[in-house]
Amino acid sequence: MSLPEESLASRIVEFCRFCRDSGLSAGIKESVDAVSAARAVGISDREILKSALRAVLCSNKDEWDQFDELFMSFWSSAPPGFRTTTPRKKLQPDQPLPQGAITTLMGRSSAGRAAEADAGKAVLGATAQERLRRTDFSEASQNDLPELERIAIRLLRQMSLRLSRRRKSMMQRDQVDLRRTIRRNVSRGGDLIDLRYRAKKIQQNRLVVLLDISGSMNPYSLFFLRFAYALQRHFKRIHTFLFSTQLTEITTSLRGPSLAQAMQSLAQQAMGWSGGTKIGESLKEFVVYHGARELSRDTVFIVLSDGWDTGPPEALAEQLSAIRRRVRTVMWLNPLLGLPQYQPVTQGMSAALPYIDVFAPAHNLESLLALERHLE
Amino acid sequence: MPPTLPPGKQINDPGDVIRGLEEQGYITDSALATAIFLGTRLAKPVLLEGHAGLGKTEVAKVLAGFLGARLIRLQCYEGLDVNSAVYEWNYQKQLLAIKIEERTKQTVEEKEKHIFSREFLLERPLLQAIQAQDFSPVLLVDEVDRADEAFEAFLLELLSDFQISIPELGTIRARHVPHVVLTSNRSRELGDALKRRCLYHWIEYPTLQKELRIVALRLPGISAELAGQVVRFVQSVRRLQLSKPPGIAETLDWAQALMSLSTHDLDPAAVEATLGCLAKSKEDAGKITEAGIVNLISQAG
């Protein structure tokens, strides 16, 4: 790599463009920095040049892992001097698409990732957004799905931010507790020297979320997972479970730093996606194995299910009433409740109704967002 | 404006950084050294990510040692606010001052000016970091992923301008831009703006050779044989998909534990007695036992 000094800059800029075309997020500013970095370390040592450019151009682990290949393919194949680079097609995202379970759940392979990749680029008219917010998840057309997912990510994120901000402002301790301050300072002749603060201790509610992933819930499951992920970002004490005929805890999987990673980690677990439903038994499993830890007076217990149950309705009623006695609120979110003609008359659902505090629809984004006020 | 180095100190290339840090007892590779070198040259913060126990925090400490600069540390946590990160007024002292000045003939304006002067300012780490008079300190912002997003935004602003506005005092501008090292455990993804402001470095688990050198350097008393066994054992344990794979810190802890039990040769009993140094949960310990301690030892042989 022997290049005259003046062409070094343009060569580096060309490489930055190549990286950008290959999916790195580095912008113009990074290009400028890359040139200064290359000037600072010189180009005599290839490894050091690589490290320098990598430090400047990458901003997360994924890009970091991808960089080696980019560097190799750009610099090694290049004959001395200039070369017109035709940017290759976008590299395969280094994290393979969630295969198997999640893919069947999504019912489409690439929509999720495409939507995330395009996030922030496409701008949709306000009316179209309004429409999508009200679109029933199961009726969204294939064309709308990426857009719908994009809006979902944004709105759910806003919601979780709002929840945490509200909590923060309540936790500030900067109010002086005058009574205790004066009491404390009596010995000093009443001069306020040692200030006492009124510390508000707001204990966040504990959240337990149970997601139904049986076959009948297919069109909704993906959005519910997003919902659970958004909640989990800002509730410290939250545990999330999936159930169909059995129960699986997915709290740790959802703790990943990004949704894509969380989904991937979920895909690696074998679970009864799209199978039958035994709500009563799943609840029982929950009570037996997790009840002692999860159920308390400050728990909000959330079930996301359409209530189609293949088990005996008595079992469901029995478990739910037992849970009801131990928690603060039982919320049942039913996507079918969005249908105008729907009546909760399935055996399971009508057996469960007496033990539900909040029975709400969850068929579109708007209904999910409306739940915010029950979560405080 | 790049950070100012102490008089007589020069860093001309990444090699200088490698040598300098090694003198401080820290073995590094050219990739990290390059990032640190560029940090000092381009006046950019260095963001270190990687698993726990791989010496992210240590980087800032040895860098300060190498430069002969002061280390200022800001440990982030949820709810960290400007009062504990930047500055706060010393209310008690202000109240006392008011009392003392009660009978003097100063005007209210003068009194106010007095109690809102530097004398009554409690400087927290970020303010300290931009106040250096002679040369740049090292500012370590530890576990930045644990602070909340609002604080991250504030930090971004500070790292771009290196100035802080205090309403009662005016704007304080850094005379010497600090060397900034940020660490993150990736418990959440940091904002794009902050990440792009920084030079990025991902700290990998060390290679066998590198880890051997680290153990030899940090534990001078260890026999070459035991060091080899310990490091190879730990390297195989890392392949077991534990929820918290042991980092270098764990390797060192464990080697030290074995040494204090006067173990010269790794045997199953000794490993079992000291397993707590490597596995930080019951499940992880279970996974190691499942893989077979005898088995792992023979691999490490």
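**Exercise 1.** Which residues point one way from β9(B), and which the other way?

Solution. This is a predicted model, in which local features need pLDDT of at least 70, side-chain atom pairs count only at pLDDT 80 or more, and totals for chains, interfaces and linings use all residues. Residues are numbered from 1 along each chain as its sequence is written, and chains are lettered from A in the order in which they are written.

Step 1. From β9(B), L199(B), H201(B) and I203(B) point one way, while Y200(B) and W202(B) point the other way.

Step 2. In a regular strand, side chains alternate between the two faces of the sheet.

Step 3. 5 of the 5 residues of β9 (residues 199-203) of chain B are buried (20 or more other C-beta atoms within 10 Å of the residue's own, C-beta atoms being placed from the backbone), so the strand is largely enclosed by the rest of the structure.

**Exercise 2.** State how strand β1 (residues 46-50) of chain B pairs with β9(B).

Solution. The two strands pair (at least two DSSP bridges) in the parallel sense over 5 bridges. E49(B) stands opposite W202(B) in β9(B).

**Exercise 3.** Describe the packing of helix α3 (residues 46-57) of chain A on helix α2 (residues 30-42) of chain B.

Solution. Step 1. The helices pack at an angle of about 60°, with axes 8 Å apart.

Step 1. Residues in contact (C-beta atoms, placed from the backbone, within 7 Å) include S51(A) and A52(A) in α3(A), and T34(B) and A35(B) in α2(B).

How values were computed: Axes fitted to C-alpha atoms, helices over the stretch in contact; angles between N-to-C directions. Helix = DSSP H or I, 4+ residues; strand = E, 2+ residues; numbered from the N terminus. Contact = placed C-beta atoms within 7 Å. Buried ≥ 20, exposed ≤ 12 C-beta atoms within 10 Å, placed from the backbone.
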